[in-house]
Amino acid sequence: MDMWTREVNMMILEGIRDTLYMTLASTLFGYILGLPMGITLAVTDKNGIRPNAVIYKILDVIANIVRSIPFLILLILLIPFTRLLVGKSYGSTATIVPLTIAAAPFIARMIESSLNEVDKGVIEAAQSMGAGNFTIIWKVMLVEARTSLISGATIAIGTILGYSAMAGTVGGGGLGDIAVRYGYYRYEQGIMIVTVVLLILLVQIFQTVGMMIANRLDRRRV
């Protein structure tokens with residue numbers, strides 16, 4: 001019982017803070033990279049509003065390559081780039097770099113899938129009214145796919161949070177780092193269980209909030 005000192009409690013609170021920081025920052029940067037990539041994939045697809053086989057194939061190959069690399073291996077491969085970018089290769093800020101690169105193609109694929117679900121009749125109607133491609137993308141496709149996009153964002157946050165926990169095996173910071181250092185190396189099962197429960201709770205909170213927003217937007221549509 002003496003393991004639950006004030007220092008341990010503060011460490012767990014800092015772990016929650018670092019995990020949220022890594023997850024939310026990586027999601028933001030992941031969407032900055034993944035959103036235009038996903039839109040381009042949907043637009044340049046053979047059934048898109050502006051097919052372009054060359055651009056689509058290039059992005060398709062990039063997304064497939066990055067997604068096929070296990071996150072821990074990707075994290076290690078990116079250590080020189082991470083060190084160049086942020087000055088170090090460990091800690092929560094450094095972990096954002098590989099998290100973002102791992103998340104971007106995943107996010108792009110979900111966005112592509114969501115946009116491809118938009119009713120072609122709605123797009124054709126906009127085209128018949130003289131709407132340009134930019135207008136169709138931002139005022140038709142993204143608006144019509146908003147519920148699916150929010151649901152996808154919820155899945156992305158949960159996935160990135162899981163990746164952030166994996167980064168703890170190489171000093172990535174956050175709850176994953178605490179679980180490895182104390183629960184694994186020091187055999188303190190109590191701390192291990194608490195960190196696992198907290199990670200599950202964080203995922204559930206993100207999923208609940210995301211689905212509430214998605215359902216509300218869907219009801220407004222109806």
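Thr-27 is buried, with a relative accessible area of 9%; buried means under 20% relative accessible area, exposed over 50%, and partly exposed in between, using a 1.4 Å probe and the protein chains only. Its place is in helix α1, where helices (H or I, at least four residues) and strands (E, at least two) are DSSP runs numbered from the N terminus. Setting aside neighbours within four places in sequence, Thr-27 is in contact with Ile-107, Ile-157 and Ile-160; contact here means heavy atoms within 4.5 Å.

Before going further, a word on what you're looking at: this is a predicted model, in which local features need pLDDT of at least 70 and side-chain atom pairs count only at pLDDT 80 or more, while totals for chains, interfaces and linings use all residues. Residues are numbered from 1 along each chain as its sequence is written, and side-chain values use heavy atoms, with hydrogens and water left out. As for pLDDT, that's the predictor's confidence in each residue, from 0 to 100. The protein's mean is 85, and 95% of its residues reach 70 or more. Confidence is highest in helix α2 (residues 53–68), at a mean of 92, and lowest in helix α9 (residues 174–184), at 79.

Now step back to the whole thing. The protein has 10 helices and zero strands. Its C-alpha trace spans about 70 × 40 × 25 Å along the principal axes. Of the 222 residues, 45% are buried. Count the contacts with a separation of 6 or more, and 73% of them come from residues 24 or more positions apart.

Go back to α1, which covers residues 6–44. This helix has 39 residues and reaches 56 Å from its first C-alpha to its last, close to the 57 Å expected at 1.5 Å a residue (that is, 1.5 Å times one less than the number of residues). Follow α1 along and you'll come to a kink of about 30° at Gly-34, shortly before the proline Pro-36; the bend at a residue is the angle between axes fitted to the seven residues ending there and the seven starting there.

Another helix with a kink is α5: its bend of about 25° lies at Ala-103, shortly before the proline Pro-105. This helix has 25 residues and reaches 35 Å, close to the expected 36 Å. Because 21 of its 25 residues are buried, α5 is largely enclosed by the rest of the structure.

What holds the most contacts inside the largest nonpolar core? The core has 33 residues, and Ile-39, Ile-49, Leu-115 and Ile-123 are among those with the most contacts inside it. A nonpolar core is a set of buried Ala, Val, Leu, Ile, Met, Phe, Trp, Tyr and Cys residues joined through side-chain atoms within 4.5 Å. The largest share of this core, nine residues, comes from α5. A second, separate core of 15 residues includes Met-11, Ile-12, Ile-157 and Leu-202. Zooming in on Ile-123, its contacts beyond four places in sequence are Ile-49, Val-118, Ile-136, Val-140 and Met-141.

Finally, find Leu-59, in helix α2. Leu-59 is buried, with a relative accessible area of 17%. Apart from neighbours within four places in sequence, Leu-59 is in contact with Met-37, Thr-40 and Leu-41.
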